[in-house]
Amino acid sequence: TWSKKTDFMLSVIGYAVDLGNVWRFPYIAYQNGGGAFLIPYLLMAVFGGIPLFYMELVLGQYHKNGAISIWRKICPIFKGIGYAICIVALYVSFYYNTIIAWALYYLYSSFTSELPWTSCNNAWNTPNCTNYFLKDNITWTKYSTSPAEEFYVRQVLQIHRSHGLDDLGGISWHLALCLFFIFIVVYFSIWKGVKTSGKVVWVTATFPYLVLFILLIRGATLPGAWRGLLFYLKPEWNKLLTTQVWVDAAAQIFFSLGP
């Protein structure tokens, strides 16, 4: 059981605010009509996401069982739902932990006098690399690539070393070590159940809000921030008539409220 009610509340908050909000929501919203996307998103949240989220919490707290054993009490014939939930959570953990491993590698790479994704003077850069960080006028062509893109594609992922899905290539040891470290951290965060995770959430649940606040202040103080925000949130009402927008809104709700 939870040692404190605060531990439980922070765990729920941390479960609902994750990479789905920070990383996935911005480009999904822009792709599906900007400000207009908020309408299907809020409707899906009110009538789908929040009721299901609340029902999951109530069932778990009332029966004091996990996703698999709880269905044996409610309706044994539906116990397969519990196994499906665990399998989906496993897939999502692979997905999210890989992204966190990328972020960890970016953090490691940032401990230099010059950030490697701000220049074209690195070993992985190509002649098409165009540094838009320079104050001089630059010429951007259809073949130009940014130093940030080349760092991600050629140094982090090293896609250029593979010719397709039939040629996966060797192991990227820098990412493998980052991913291994992330899984070690996750393991020691949950290895004693709520006794350890209840303490970890004091950091993992509050830190994202601190980062979001810092990014908000940083973004709002950049030149042209207001124009960029208006461009990003400019509603495209015609997209509300397409089915894909409502499907993406429903999918985003499940990413936003947890795996």
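Visitor: How many helices and how many strands does the chain have?
Guide: The model under discussion is predicted. From the N terminus on, its elements run α-α-α-α-α-α-α-α-α-α-α. The count is therefore 11 helices and zero strands.

Visitor: What does the C-alpha trace of the chain span along its principal axes, and what share of the residues is buried?
Guide: Along the principal axes, the C-alpha trace spans about 65 × 45 × 40 Å. A residue counts as buried under 20% relative accessible area. Of the 259 residues in the chain, the buried share is 27%.

Visitor: What share of the contacts with a separation of 6 or more comes from residues 24 or more positions apart?
Guide: A contact here requires heavy atoms within 4.5 Å. Among contacts in the chain with a separation of 6 or more, residues 24 or more positions apart account for 64%.

Visitor: What part of the accessible surface belongs to carbon and sulfur atoms?
Guide: The accessible surface of the chain comes to about 17900 Å². Of this area, the part belonging to carbon and sulfur atoms is 70%.

Visitor: How far apart are the mean positions of the positive and negative charges?
Guide: The chain carries 18 positive and 11 negative charges.

Visitor: At what angle do helix α5 and helix α7 pack, and which hand does the crossing have?
Guide: Two packed helices are described by the angle between their axes and the distance between the axes. Helix α5 covers residues 79–109 and helix α7 residues 173–190, with their axes 8 Å apart. The angle is about 115°, and the crossing is right-handed.

Visitor: Which residues of α5 and α7 make the contact?
Guide: On the α5 side, the contributors include Phe 94, Asn 97, Ala 101 and Tyr 105. From α7, the residues in contact include Leu 175, Leu 179, Phe 183 and Val 186.

Visitor: Is Asn 97 buried or exposed, and which residues does Asn 97 touch?
Guide: Asn 97 lies in helix α5. Its relative accessible area is 8%, so Asn 97 is buried. Leaving aside residues up to four places away in sequence, Asn 97 touches Leu 179, Ile 182, Phe 183 and Val 186.

Visitor: How does Leu 52 count in accessibility, and what is the distance in space from Leu 52 to Leu 257?
Guide: Leu 52 is found in helix α3, residues 38–63. Leu 52 counts as partly exposed because its relative accessibility is 41%. In sequence, Leu 52 and Leu 257 are 205 residues apart. In space, their C-alpha to C-alpha distance is 9.8 Å.

Technical notes: Residues numbered from 1 in each chain as written. Predicted model: local features only at pLDDT ≥ 70, side-chain atom pairs only at ≥ 80, totals over all residues. Heavy atoms only, no water. Helix = DSSP H or I, 4+ residues; strand = E, 2+ residues; numbered from the N terminus. Buried < 20%, exposed > 50% of the residue type's maximum accessible area, 1.4 Å probe, protein only. Areas by Shrake-Rupley, 256 points an atom, 1.4 Å probe, with all protein chains shown as cover. Lys, Arg positive; Asp, Glu negative; His and termini not counted. Charge placed at Lys NZ, Arg CZ, Asp CG, Glu CD. Axes fitted to C-alpha atoms, helices over the stretch in contact; angles between N-to-C directions. Left-handed = near helix turned anticlockwise from the far one by under 90°.
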